[in-house]
Amino acid sequence: MMTQTGTNSSRRRCAGLEEAQRHAEYLIGGRRYERIPSGGACADCGAGPGKLHVAGCEEEICPRCGGLVIACDCAYGARRAC
Ligand SMILES: [Zn+2]
Ligand SMILES: [Zn+2]
């Protein structure tokens, strides 16, 4: 449900790219962490260089452990909340 791909995704259930830019932080284990922007054009969610990934993107790096957000074990408060 959270691995939808495609560039024409303005109607997807989860927040889109524009919405993602408004959420610059993650709440992990009760602490706030600044999200890590895309280094280049993201192949998964389409975020451009310096832009934040869409929620659920497979390429986003976890700001706490450096792993992938979708795969790490950090206690996100709202990682999958759409
Ligand atoms: Zn992405
Ligand atoms: Zn993590």
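Okay, so this chain has 1 helix and 2 strands, where helices (H or I, at least four residues) and strands (E, at least two) are DSSP runs, numbered from the N terminus. Starting at the N terminus, the order is α-β-β.

Before I go on: this is a predicted model, so local features need pLDDT of at least 70, side-chain atom pairs count only at pLDDT 80 or more, and totals for chains, interfaces and linings use all residues. Residues are numbered from 1 along each chain as its sequence is written, while chains are lettered from A and ligands numbered from 1 in the order in which they are written.

Now, burial. The chain has 82 residues, and 20% of them count as buried. Buried means 20 or more other C-beta atoms within 10 Å of the residue's own, exposed means 12 or fewer, and partly exposed is in between, with C-beta atoms placed from the backbone.

What makes up the largest nonpolar core? It's 8 residues: Ala20, Cys42, Cys45, Ala47, Leu52, Val54, Ala55 and Cys57. A nonpolar core here is a set of buried Ala, Val, Leu, Ile, Met, Phe, Trp, Tyr and Cys residues joined through C-beta atoms within 7 Å.

Take Leu52 from that core. Leaving aside neighbours within four places in sequence, Leu52 is in contact (C-beta atoms, placed from the backbone, within 7 Å) with Ala20, Gln21, Ala24, Arg35, Pro37 and Ala47.

Last one, Arg64, in the segment after β2 (31–34). Is Arg64 buried or partly exposed? Partly exposed, because 16 other C-beta atoms lie within 10 Å. Beyond its neighbours within four places in sequence, Arg64 is in contact with Ile28, Tyr33 and Cys74.

Conventions:
Contact = placed C-beta atoms within 7 Å.
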